[in-house]
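Hi,

Here is the structure I promised to pass on.

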Amino acid sequence: MNVVMIGAGYVGLVSGACFSEFGANVICVDVDPARIDRLSAGEMPIYEPGLKSLVQRNFDAGRLAFTTELADAVSAADLVFIAVGTPTRRGEGYADLGYVYQAAKDIAGHLSGYTVVVDKSTVPVGTAAEVKRIISEANPEADFDVASNPEFLREGAAISDFMRPDRVVLGVESERAEKSLRELYRPLNLIEAPIVVTDLESAELIKYAANAFLATKISFINEISQLCEAVGADVHSVAKGMGLDGRIGKKFLHAGPGYGGSCFPKDTLALVRTAQEHGVSSRIVEAVVEVNAAQKARMVKKIRGALDESLSGKRIAVLGLTFKPETDDMRDSPALTILPQLIDRGADIVAHDPQGIEEAKPLLPQQVSYSDDIYATIEGADAVVLMTEWNAYRGLHFDRVKTLMRGDVFVDLRNVYEPETMRALGFKYSCVGR
Ligand code: NAD
Ligand code: UDX
């Protein structure tokens, strides 16, 4: 099958590479020529474990190519995926669909033969219908269907999520489109991945409902973590005791500094906006968003409290900047909210991250300094704040940490360490909900 992927970002690149691994001929198109040049030269524009070798293997086999020119690729395509960004429209919460609609306009004139145009981007209900309208208006002769195939991969585990999904959702408007999409995903039959076939609107809503539900679990446990601190309970035990109930499930019950990343923050806001547009309440999701903001604010208070309310002149070593480990993505990372507030109160920040420093630099205040060595970061610190649970921080040599630090405060915002052990080592240790 001939597949075109419009947008070679996290989702487009991973999906394109995985479809080519399935055996399809895939051309990834992006408007950013620098990104296409790098990809064609075998350089990855993002850090995602396993991606480089997957791309290289399929590129070398002639099944995966990169271009800025979509005309010929689209003409020959059986399926054209739209995998461009849908960021929050500044300050409004609505998903910005400008890139999606532009992609629809870009491809309209080049469709040739029956083609399925598939929204892979996360888009509000009604977008597929609008993509259909745009293409039909621009090219009334085009023989095409639209489909919605939302993507559920997580950054840092993107390839295995794509190759072994819990389910594939196909929103379709015709049997022909369903047949074409089922054929593309056929290799997943081997692992019996469930395929949920539905109408366009339900597929679009499944993506937002799933993300909002996962965000709800996180905000729920973060709120419980606050109660744990107040009553002397341990959020680890509470989450374990809850999660072993099969109806609840133990995943996404890790208390922390609040969720971040390129999806949960923007998708929860967009779902609230969709509900508002339809005159429907979305009180739970609104509360989830509020609790997440409050959790980040609470982390600032926690760090201040650990340093006896005085941050002025205090040197804080920050371990981890990205919103989660195994990615260089800084989009909506809690660090972007928490660190500026520490700096405003006079703290002197030195930060380490295994992959995210270059992404973080333009987004954080200039006063932050960076080190690519964990122990150099910690040297002379009054406090260490562990922000992201990278594996590199799991096995710290605490004797060395203690000797290098000026103070003894250790704030673990990811509950990586055991409180008793850390206190026995002589740290003034605090974490989240324990
Ligand atoms: P991204 O910003 O990493 O990539 C988008 C790419 O599209 C960019 O390289 C941009 O240059 C390109 N682009 C924009 N307009 C274009 C056009 N007209 N033609 C060709 N290329 C164009 O975005 P992403 O993180 O991959 O997200 C894409 C979509 O997938 C979003 O809707 C997002 O919500 C959704 N999604 C993301 C994830 C994730 O983990 N990142 C997971 C699931 C779903
Ligand atoms: C998420 C969804 O999981 C994925 O299905 C969707 O396609 C894109 O959005 P991603 O943002 O890559 O994926 O990472 P995820 O592992 O879901 O983590 C999101 C945020 O929640 C991170 O900041 C993470 O630290 C936080 N989180 C996650 C918690 O605080 N606690 C948890 O228990 C799980």
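First, a term: the domain bounds I use come from an automatic or database domain assignment. For the protein chain that assignment gives domain 1 (2-198) and domain 2 (200-434), and their C-alpha centres lie 32 Å apart.

Before the rest, some housekeeping. This is a predicted model, where local features need pLDDT of at least 70 and side-chain atom pairs count only at pLDDT 80 or more, while totals for chains, interfaces and linings use all residues. Residues are numbered from 1 along each chain as its sequence is written, chains are lettered from A and ligands numbered from 1 in the order in which they are written, and side-chain values use heavy atoms, with hydrogens and water left out.

The contact (heavy atoms within 4.5 Å) takes 36 residues from domain 1 and 28 residues from domain 2. Between them the two domains bury about 2,600 Å², with 58% of it on carbon and sulfur atoms; buried area here is the accessible area (1.4 Å probe) that two parts lose on being put together, summed over both. On the domain 1 side, Tyr47, Val125 and Glu155 lose the most area to domain 2, together 27% of what that side buries.

Now ligand 1. There are 26 residues around ligand 1, and Val11, Asp30, Thr86, Glu155 and Lys266 come nearest; a residue counts as near if one of its heavy atoms lies within 4 Å.

- Thr86: a side-chain N or O atom is 2.5 Å from an oxygen atom of ligand 1.
- Asp30: a polar side-chain atom lies 2.6 Å from an oxygen atom of ligand 1.
- Lys266: a side-chain N or O atom is 2.6 Å from an oxygen atom of ligand 1.

On its own ligand 1 has 840 Å² of accessible area, and the protein covers 89% of that (Shrake-Rupley method, 1.4 Å probe; for residues, only the protein chains shown count as cover). Helix 5 (98-108) and helix 1 (10-21) each supply at least two residues of this shell, and helix 5 gives the most, with three residues. Helices are DSSP runs (H or I, at least four residues), numbered from the N terminus.

And ligand 2? Here 18 residues surround the ligand, and the closest are Phe152, Leu153, Glu155, Lys207 and Arg414. The backbone contacts go to oxygen atoms of ligand 2: a polar backbone atom of Phe152 at 2.7 Å, one of His254 at 2.9 Å, and a backbone N or O atom of Glu151 at 3.4 Å. Ligand 2 taken alone exposes 660 Å², of which the protein buries 92%. Helix 9 (residues 200-231) gives the most to this shell, with three residues.

Both domains take part in each site: at least three residues come from each of them around ligand 1, and at least three from each around ligand 2.

Cheers

Technical notes. Polar contact = N/O pair within 3.5 Å; in protein donor to acceptor, adjacent residues only side chain to side chain.
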